[in-house]
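Notebook open, structure loaded. I'm jotting down what I looked up, chain by chain and then pair by pair.

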Amino acid sequence: LVLTGCSSDTPEDSAAAADAAKPAPGLLPAAEGSTSYPLELESPWGSTTLEERPERIAAITPSQDDVEALVAIGVTPILVSEDQTDVWVQRELDQEIEGRFSVTDGGFNVEQIAAADPDLIVVLGADVSADYDKLAAIAPVLSTATTSEGESSVANDWATSITALGEALDLSEAADRALETEEEFFADFRAEHPEFDGKTASYVVYYGAESGLQYHSTPDSPAGLTLSRMGFEPSDNASELEYRAVISNEMLSAIDADVVIFSDNSDGHHADLTDSALFQALSAVKNDALVIVENHSVDGYFVIDGTEYDGNLSWGLARSGPLSSTWAAEQMAPALADVLGAE
Amino acid sequence: MNTSEPAPLRAESVTIGYDRATIAEDLTVGVPDGSFTAIIGPNGCGKSTLLRAFARVLKPSAGRILLEGKSIHEVPTKVLARRIGLLPQTSLAPDGIRAADLVARGRSPYQSLIQQWRASDEQAVHGALAATRLEELSGRLVDELSGGQRQRVWIAMLLAQQTPFMLLDEPTTFLDIAHQYELMELLRGLHDEGKTIVTVLHDLNQAARYASHLVVMKSGTVMAAGDPRDVLTSALVEEVFGLRSIVMPDPVTGTPMVVPMDPRTPEGDLDGAAALRAR
Amino acid sequence: MNTSEPAPLRAESVTIGYDRATIAEDLTVGVPDGSFTAIIGPNGCGKSTLLRAFARVLKPSAGRILLEGKSIHEVPTKVLARRIGLLPQTSLAPDGIRAADLVARGRSPYQSLIQQWRASDEQAVHGALAATRLEELSGRLVDELSGGQRQRVWIAMLLAQQTPFMLLDEPTTFLDIAHQYELMELLRGLHDEGKTIVTVLHDLNQAARYASHLVVMKSGTVMAAGDPRDVLTSALVEEVFGLRSIVMPDPVTGTPMVVPMDPRTPEGDLDGAAALRAR
Amino acid sequence: MHSTALSSGTPRTEGVSDASVPRRSAVWGLLLTALLLSFLLSLAVGANPLSVGQVWKGLVNPDASEASIIVWTERMPRTLLGIAIGMALGVAGALIQALTRNPLADPGILGVNAGAGFAVTIGVGLFGLSGMTGYIWWAFLGAAGATVLVYVIGSLGRSTSPVTMVLAGVALSAVLGGLSTFLTLIDETTFESIRAWGVGSIARVRVDDVMTVLPFLLLGLALAVGLAGSLNAVALGDDLAASLGTSVMRTRVLGVLAITLLAGGATALTGGIGFVGLMVPHVVRWMTGPDQRRIIIGSALAAPRLRRRRTDRGAPRRDRGRHRHRGHRGTRAHRARAPSEGERTMTVSPGIIDFGYRVLRARTGFSSSRIALRTAVVSAALFALAVGFAFVALFLGDYPLSLQDVTSAMSGRAEEFVSMVVIQWRLPVAVSAVLFGALLGIGGAIFQSLTRNPLGSPDVIGFDAGAYTAVVVVMLAVGSQHAWSIAAAAIGGGLITALVVYLFAYRRGMQGFRLIVVGIAVSATLGSVNSYLITRADLDDAMQVGFWGAGSLSRVTWSTLVPVIAISLAVIATTILLAPSLRSMELGDDMAVSHGTRVGAARAALLVAGVATTALVTAAAGPIGFIALAAPQLARRLTGSPGVSVLAAAAMGSALLSAAHLLSHVLAIAFRPVPVGLITVCIGGIYLIVLLIRESRSRSGAAR
Ligand SMILES: Nc1ncnc2c1ncn2[C@@H]1O[C@H](COP(=O)(O)OP(=O)(O)OP(=O)(O)O)[C@@H](O)[C@H]1O
Ligand SMILES: Nc1ncnc2c1ncn2[C@@H]1O[C@H](COP(=O)(O)OP(=O)(O)OP(=O)(O)O)[C@@H](O)[C@H]1O
Ligand SMILES: [Fe+3]
Ligand SMILES: [Mg+2]
Ligand SMILES: [Mg+2]
């Protein structure tokens, strides 16, 4: 059977995770001493108390957003969702993650989480209202969800998440450092690529004839954020489109920009669309400013202009975390420079 | 079976019909105390409609149906169901039901949550099966019975309901001649026990033989009512049905016997008015 | 309507039945050339089963049904459908169909993709509606007709099929007496035009009056067959139906007329063998 | 072919159809005008807000302008395609309804959709199939294969029975659908690429693909038109059909073939648009009358427009790691030819009547009852089984607990966390498996009995869609997620839907048929409303609803369960009180009234109770499909009871759901977690198929 970035590993035996319950050395960096325990952890669904500095951390957001945040400050979680762990996280990890848990239609499998015996449960960017009580019975729960006017929001803002993690784990300095590193990276990046400055860019993903073309670079979207940090401006129609709006053929002109990054998720059938008269009429195409990213996510690599790269660029662009966005920027830079420099 | 005190059932200037059409207007017709009433009349004249109104299946849009002086629509349905039973012209049997089960359904007016199946229910069903000679077929699937066998099952169900008033719509349909007469004898027996029988019949001779009271309908009105011996004449048959006939005494019972004329043998034209055969 | 040459239809030592039960074994029975054949017999004796076998709705498990010497199961169905028509004992009308449309369905054996509705179809339907006096009801919904009206629609459908062989299973069911005799007259007229009529009847007097050939069945066997005048005797009625009766000449037509005995008037006991009334 | 039908459909004898002729020609005019209008509209309206003038200019002088490109390369092919697919599905629906004489049958019932989906799943998952053209062939073959299988199961007895065929189709569809979902669960890649195919949109189909399929559609259409006359005959019953010169067998085989060609082709292109095939024939029949020739042509004309409202429903959502599974529906009954024990008289307790089966008569001074021994034994056994399964499931879970841990937790002597896992986490789920199964069984039994149709289950009639809508509204608009408010919303939504359906369907007494038709329409409308609400909602809320919409027991806690238990006690009590009325209504309204049943009131109350069962379960666990449909039919075949028995259906529902619950635990331990709903569908479906095959073998019924 085949796997893609959106797919899952075969779940590892959770019983094995329980066996390895002894704290592995070096799961997290040494304490900085800036946080004092016990620490009250608030969330819209209730609160828990962290009695002492945790070591075994379960990161249970299905999309693994919290894993990236943890790894960014040097922490290795003991339990994550069964989705494949991405390259940009993998390359920063210095040891294997102990266990995986499955996400089914019913929600979190709380028994698997309990069996891993965590002493902190991190859930950033997911609503666990229904399971909160059960999770809290297992271990203290850290969430950055906020409440306003009775509605809870789990919108994921990296700075908030990382800062909160730093505080809870007594790693505030590491958190600040991670954020600074990212800032520095993009400052350097913009300096290195002045040709991107002020150019408009759109990022679209093509899912094949069946489900069509989606627009992914609205200003607040992960890809939009990454592109703007790289120095680009949003394309003309970016603010009118919804994130992941399906662009019908009739409306293709809406994606036009100085450069169009076109991610092909259709198993190589993108010519169905790109050869059409309406697509050929785009100014980016006429100006030769179309970057086609062929996803071979099954085998974990992608291709731009005949060159293979490791990892899954689509997923990298679907995040704007400190590890993913810097990685994505690195990957795209040569091709973009090629297109824009040749202008 | 329990004898019931005599009880008059009557429609008082009722208007009955369906959404699109009024079938009978300002109709007044009574079922005499403890009578064996037969309703005859041409197809579509409203016999079934009247019977359904008596069984409060149809609600009259004007007028009232009275049972012992009280409007039947004011009597609790379950109570009424122990007084008046109906055998509709056509009925539906649930898939896969067996004869005895269907008959047992006739007991439902007597059942409550706690009293679901008393010895009296058992006896009533048994009696009904015996009276319709269905003992041997009682375990058979209703779907797999012949037309006549099935009709007897429905009659048994009505019998099991043990109501003092029994309304039957063409109960002899599908029955062979022996079963027809057997059914009529059965009804007569029930009548003798005090039940009031109201039945729609197409066989005028059976009606004449067994009924103590004959109601003759045409186009939603009652053309004649009374003792069959007085009512059933050749002229009436011609007027109501448009059928020329001779009416002679039944050689067995002496009741009127209608023998239709044969249009090919005009010498049989005993009646004067050889009018057109309308509808 | 087209006259058909005389054509014999017969069952030759057939075994017919249903999965669980064999209804008739090694039964041989013929419908004489151009006859008006009536089948009589008690409920459940196999009349409908035999009729369905003649109409090749049921396939005999042994023996053959022959039409003019050829097994009907070898004739293409559409061709056979122009020769033999059936009116089943009970039928299903599609929801929301109107009378004329239902009658028009009788023309389907004559229709093909290209010849969907010819003038001859129109005439046949019109004639059938006229013969059953349904002209005025032709636009009505079948669901909303009275029992007798509906039965006439089914008969009209069979008429519209214009087959030289017409098989009818209890066609007088639900009809009032005038319509019953009208139907019998209609069948006689069709018979005179050369059609072969086979009909199951429960009214022995009608059978005697109209049939040229009577088949008397009991428990899947033929007890007697022949001219009704010869066949229909009080002894036979008692033997077949278990019903004591007197058989006298019909005052109108002189054919045998069966008048059932009244069990209450034993002086009517004209027959010797006052046997048990079996089933 | 239009003109043939138009000129031939109506016998024009003077006086014959006078009443209906003008109305009919008006209907035809209406349908044709509407078709033309929708054709023009489809050209004029699109994603790009071109003005009518631009469109017209682009249309009449094709050049390189954007408008012209859009009109000629986008809108024209899409329009023609939509018409072709709509016609195919509409006609296939008319065919299947005529063949099975069941107004609830849609082409999917022959396994077309599920077969196509399964084949594509296998193709993608095991053979690395990709791209539309590949899908089409696999889908087509899958549809054909499933249909043939359904037909074979349906004809195992001495003759083909439409009822068995329908049931077999429903069961097979359920199983294939379940297996497809299962495969995609194992291998998410497959799922990702199939999901879009399965949503049923024609927006992205390419002209080339249509050309591949078009010959099949045309052949199917020709066959359908050719069969119309025979279908008219078959509608009169098998006896008359035979004597009218129609070979019933041949009509069925060809009809099934035509359906495969039409629906298989359309499904291959679009991934299945179910509603068209179900609804269009009803709308058309209502306008044109019951003649199949008119219905078939009318469906062809009408379908393209109705279809358009359903396109673009499945805007992709971000639901990584969370997937929703469509509920499966199905099941259709047949007179249970239980082995006849009529000849051998056996009475357990003293009784004088031979009921044809063993009867238990229990009498005390206070109460009395009679119950078929087999029904009693089977129901008791099923309940026992249900409780047993649920109990065993307590011992299984991902948190490692010893046998002793569980037993001591049950007796309240375990350590706090252990006892919480057992009592707070596992016990409510186990209890809900038993209770919800019973509720669903009861709801199904009530509706199948009221509508006299084995397909008449609450999920088909649309009451769970109503409950779902109300919950979505409450969650999204009001923002409340409390167990009581969700339960109240679900019941309220179900009841309002029921009321609406009832009001529409009521016309001097209610008929099961009209109830069904109105129900389907309402259900379809609500389905669209639901997807609209969800696509409009912001992401997180939508995800929340998505979670809930999947239908799963594992999130049930005592706080959600307590309200359900409280209300369901009332519902069950009502049902017990009304069961006698339900039984007497099986005999028709006239008979029921004369047996002392207040038909109107009883029907309304039963409707409420039936709706409440479904709504309660929907509220607590999300929609759980198939049980309401399958349990009454399975129970009936096991007990040999006449009609559907509420008690046995409840027991069967319990047993099914708790067996599925247990199995999902076993699978999770041995392999990987699988949603309960999926397992229910698979075991229920397979079991139904087995019963059908057994029944066909022993069936009499040469005649039927
Ligand atoms: N459901 C209905 N809706 C509309 N009209 C109806 C309905 N049922 C019967 N009718 C019409 O009412 C009239 C009387 O019908 P009814 O059934 O009472 O006749 P009937 O005397 O019983 O006739 P038959 O002897 O044929 O059974 C008929 O003209 C019939 O067409
Ligand atoms: N579908 C069936 N399956 C099994 N047995 C059947 C079926 N239909 C009829 N029978 C049985 O076959 C026997 C003959 O039935 P048939 O219908 O031929 O009787 P009939 O002579 O027409 O009776 P009636 O006058 O009551 O219509 C009956 O005993 C009946 O119970
Ligand atoms: Fe996925
Ligand atoms: Mg009547
Ligand atoms: Mg018969």
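I started with chain A, which has 13 helices and 19 strands; helices (H or I, at least four residues) and strands (E, at least two) are DSSP runs, numbered from the N terminus. This is a predicted model, so I kept the ground rules in view: local features need pLDDT of at least 70, side-chain atom pairs count only at pLDDT 80 or more, and totals for chains, interfaces and linings use all residues. Residues are numbered from 1 along each chain as its sequence is written, chains are lettered from A and ligands numbered from 1 in the order in which they are written, and side-chain values use heavy atoms, with hydrogens and water left out.

Of the 343 residues in chain A, 56% are buried (buried is under 20% relative accessible area, exposed over 50%, partly exposed in between, with a 1.4 Å probe and protein chains only). I then looked at contacts (heavy atoms within 4.5 Å). Taking those in chain A between residues at least 6 apart in sequence, 63% join residues at least 24 apart.

**Chain A, helix 8.** Which residues of helix 8 are buried? In this helix, residues 222–229, I find A:P222, A:A223, A:G224, A:T226 and A:L227. Their cover includes helix 7 (172–192), strand 12 (200–206), strand 16 (259–264), helix 12 (313–317) and helix 13 (322–341) of chain A. After helix 8 of chain A comes A:G231, with a positive phi near 115°.

**Chains B and C, symmetry.** I superposed the copies (least squares on the C-alpha atoms of residues with pLDDT of at least 70 in both). Chain C lands on chain B with a rotation of 180° and 0.0 Å of shift along the axis, RMSD 0.1 Å. The two copies are therefore related as by a two-fold rotation axis. In chain C, the C-alpha nearest that axis belongs to C:T173, at 3.1 Å.

**Chains B and C, interface.** The contact involves 52 residues of chain C and 51 residues of chain B. Between them the chains bury about 4,300 Å², 56% of it on carbon and sulfur atoms (buried area is the accessible area, 1.4 Å probe, that two parts lose on being put together, summed over both). On the chain C side, C:N43, C:F174 and C:I177 lose the most area to chain B, together 15% of what that side buries. Of the interface residues of chain C, 98% are also interface residues in chain B, so the copies meet through the same surface.

I also checked salt bridges (a side-chain nitrogen of Lys or Arg within 4 Å of a carboxyl oxygen of Asp or Glu). The rule finds two across the interface of chain C and chain B. C:D262 and B:R188 meet in a salt bridge at 3.3 Å, N to O.

**Chain B, two domains.** The contact takes 16 residues from domain 1 of chain B and 14 from domain 2 of chain B. These domains bury about 1,300 Å² between them, 66% of it on carbon and sulfur atoms.

How many salt bridges cross the interface of domain 1 and domain 2 of chain B? The rule finds one. I also looked at B:E182 and B:R133, which form a salt bridge with their closest N and O atoms 3.3 Å apart. B:E182 is buried at 12% relative accessible area, while B:R133 is partly exposed at 36%.

**Chain D, helix 24.** Helix 24 (residues 599–621) of chain D has 23 residues and reaches 33 Å from first C-alpha to last, close to the 33 Å expected at 1.5 Å a residue (the expected span is 1.5 Å times one less than the number of residues). Of its 23 residues, 18 are buried, so helix 24 of chain D is largely enclosed by the rest of the structure. D:G622 follows, with a positive phi near 85°.

One salt bridge I noted here joins D:D589 and D:R603 at 3.0 Å, N to O. D:D589 lies in helix 23 (residues 589–594) of chain D and D:R603 in helix 24 of chain D, so the pair ties together parts 14 residues apart in sequence. D:D589 counts as partly exposed at 28% relative accessibility, whereas D:R603 counts as buried at 8%.
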